[in-house]
Amino acid sequence: MLVAPSVLSADFGNLQHDIEMLNKSNCDWLHLDVMDGVFVPNISFGFPVMKAIAKHARKPLDVHLMIVEPEKFVKEVKDLGAKVMNVHYEACTHLHRVVQQIKNEGMMAGVTLNPSSPVSLLEEIIPDLDLVMLMSVNPGFGGQKFIEGSVDKTRRLKEMILRRNSNALIEIDGGVNRETGKRLADAGADILVSGNFIFKAEQPEAEIDYLKHL
Ligand SMILES: O=C(CO)[C@H](O)[C@H](O)COP(=O)(O)O
């Protein structure tokens with residue numbers, strides 16, 4: 001299991017401290033949530049903050065763009081040195097083109113689905129994807145309650161990936177903790193994003209280890 005702590009739940013007044021904690025931990029990627037106040041009803045941070053994070057991070061960056069017209073920022077995400085660029089299915093008119101642009105820049109192309117979007121929407125494009133991220137909360141805020149249907153949805157996505165001979169990894173984002181993480185692992189998740197559960201824990205590094213061994 002890969003674990004990608006969501007920096008959205010870090011202490012923004014002491015970001016370097018939290019990034020250094022993640023550098024020392026066994027986490028795999030740093031998950032960066034960009035919100036524009038249009039695609040989602042919240043604004044988080046943008047490229048200046050991500051550049052500052054990239055300067056200190058010793059783990060690959062997994063950038064999740066919760067913005068309209070994400071295709072305008074492929075080059076900027078590449079210039080950060082990101083490993084993964086996740087765009088929302090719901091934000092892309094020409095998804096196939098955006099995926100090709102991301103891959104042409106040498107990044108892993110991830111497509112994210114909102115909770116109400118069925119996995120069948122990805123039937124045609126799944127062989128081209130490196131990663132599919134399922135939102136298990138409505139995007140926009142950390143610390144929300146896990147949406148139960150996400151476990152079965154993970155299972156259905158896994159079936160589609162196998163049936164279509166895709167190599168796409170399955171990433172789940174929202175409300176991930178020890179209990180939901182276990183069920184998601186059993187359903188076929190490859191990567192767990194976790195924000196509040198990790199950053200509010202007394203021993204964040206131990207919780208990262210727990211999720212990693214699911
Ligand atoms: O994308 C997100 C919100 O849109 C966050 O990554 C997600 O909510 C993780 O936070 P938590 O684990 O606290 O639910």
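The model is predicted, so local features need pLDDT of at least 70 and side-chain atom pairs count only at pLDDT 80 or more, while totals for chains, interfaces and linings use all residues. Residues are numbered from 1 along each chain as its sequence is written.

- Val132 touches Gly110, Val111, Leu122, Leu157, Ala168 and Ile170, not counting residues up to four places away in sequence (contact: C-beta atoms, placed from the backbone, within 7 Å).

**Positive phi**
- Glu69, not a glycine, has a positive phi of about 50° and is found in the loop between strand 3 (61-66) and helix 3 (74-80).
- Glu69 counts as partly exposed because it has 15 C-beta neighbours inside 10 Å (buried: 20 or more other C-beta atoms within 10 Å; exposed: 12 or fewer; partly exposed: in between).
- Asn165, with phi near 55°, lies in the loop between helix 5 (150-163) and strand 7 (169-173), and is exposed, with 8 other C-beta atoms within 10 Å.

**Ligand shell**
- The ligand is surrounded by 23 residues, the closest being Ser6, Pro139, Gly142, Gly195 and Asn196 (near: C-beta atom, placed from the backbone, within 6 Å).
- At least two residues of this shell come from each of strand 2 (30-35), strand 3, strand 8 (191-194) and helix 7 (196-199) (DSSP runs, numbered from the N terminus: helices H or I, at least four residues; strands E, at least two).

Terms used
Contact = placed C-beta atoms within 7 Å.
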